[in-house]
Amino acid sequence: MIRMLLRVLGHQYARPVRRTVALMTATAIVEGLSYALLVPVLRALFDNDADAARPWLIAFGAAVAVYAVLRYVSDLSGFRVGTALLRGTYRRLGDHL
């Protein structure tokens, strides 16, 4: 679907859309990593071993911080690309008519 959209809109929008899709993919991967890091944190906390939970908790906090930054940047990029694509679609539709 993205390939077809890029073909319809032309090469002008290909790079920003690909960059935004890659950024959103990286954001999703970091989000999944942060969820996966919850398992050892909770396991250590339920075993009443706070010393073992500390490094996992630091890693979880770092992953969440990276996710927050990536999410903010990818959302901004998505909004910008979305409005540019909308503008391009209207222009192409107007040219076609």
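Colleague: Why is Gly78 called buried?
Modeller: The relative accessibility of Gly78 is 19%. Buried means under 20% relative accessible area, exposed means over 50%, and partly exposed lies in between, with a 1.4 Å probe and protein chains only. Gly78 therefore counts as buried. The structure is a predicted model, in which local features need pLDDT of at least 70 and side-chain atom pairs count only at pLDDT 80 or more, while totals for chains, interfaces and linings use all residues. Residues are numbered from 1 along each chain as its sequence is written, and side-chain values use heavy atoms, with hydrogens and water left out.

Colleague: Where is Gly78 found, and how far is its C-alpha atom from that of Arg19?
Modeller: Gly78 is in helix H3. Helices are DSSP runs of H or I with at least four residues, strands are runs of E with at least two, and both are numbered from the N terminus.

Colleague: What makes H2 and H3 roughly antiparallel?
Modeller: The axes of H2 (residues 14-46) and H3 (residues 50-96) cross at roughly 160° and come within 8 Å. Axes are lines fitted to C-alpha atoms, for helices over the stretch in contact, and angles run from 0 to 180 degrees between N-to-C directions. Angles under 35 degrees count as roughly parallel, over 145 as roughly antiparallel, 65 to 115 as roughly perpendicular and the rest as oblique. H2 and H3 are therefore roughly antiparallel to each other.

Colleague: Is the crossing of H2 and H3 left-handed or right-handed?
Modeller: The crossing of H2 and H3 is left-handed; that is the name if the near helix is turned anticlockwise from the far one by less than a right angle, and right-handed is the name if clockwise.

Colleague: How do the residues of the contact of H2 with H3 divide?
Modeller: The contact of H2 with H3 has 26 nonpolar, six polar and two charged residues. Ala, Val, Leu, Ile, Met, Phe, Trp, Tyr, Cys and Pro count as nonpolar, Asp, Glu, Lys and Arg as charged, and the others, Gly among them, as polar.

Colleague: Why is the pair Arg54 and Asp51 called a salt bridge?
Modeller: A salt bridge is a side-chain nitrogen of Lys or Arg within 4 Å of a carboxyl oxygen of Asp or Glu. For Arg54 and Asp51 the N to O value is 3.4 Å, so the pair is a salt bridge. Arg54 and Asp51 are three residues apart in helix H3, about one helical turn. Arg54 is partly exposed at 48%, and Asp51 is exposed at 56%.

Colleague: How many salt bridges are there by this rule?
Modeller: The count is two. One of them joins Asp75 and Arg71, at 3.1 Å, N to O. These two residues are four apart in helix H3, again about one helical turn. Asp75, at 29%, counts as partly exposed, and Arg71, at 39%, counts as partly exposed.

Colleague: What makes Asn48 exposed?
Modeller: The relative accessible area of Asn48 is 73%, which means exposed. Asn48 sits in the loop between H2 and H3 and has a positive phi of about 55° although it is not a glycine.

Colleague: Where does UniProt place the feature "transmembrane region"?
Modeller: The unreviewed UniProt entry places it at residues 21-46 and 52-70. In the model, residues 21-46 are 100% helix and 0% strand, with end C-alpha atoms 38 Å apart. Residues 52-70 are 100% helix and 0% strand, with end C-alpha atoms 28 Å apart. UniProt positions are given in the numbering used here, feature names are shortened, and annotations may be inferred rather than shown by experiment.
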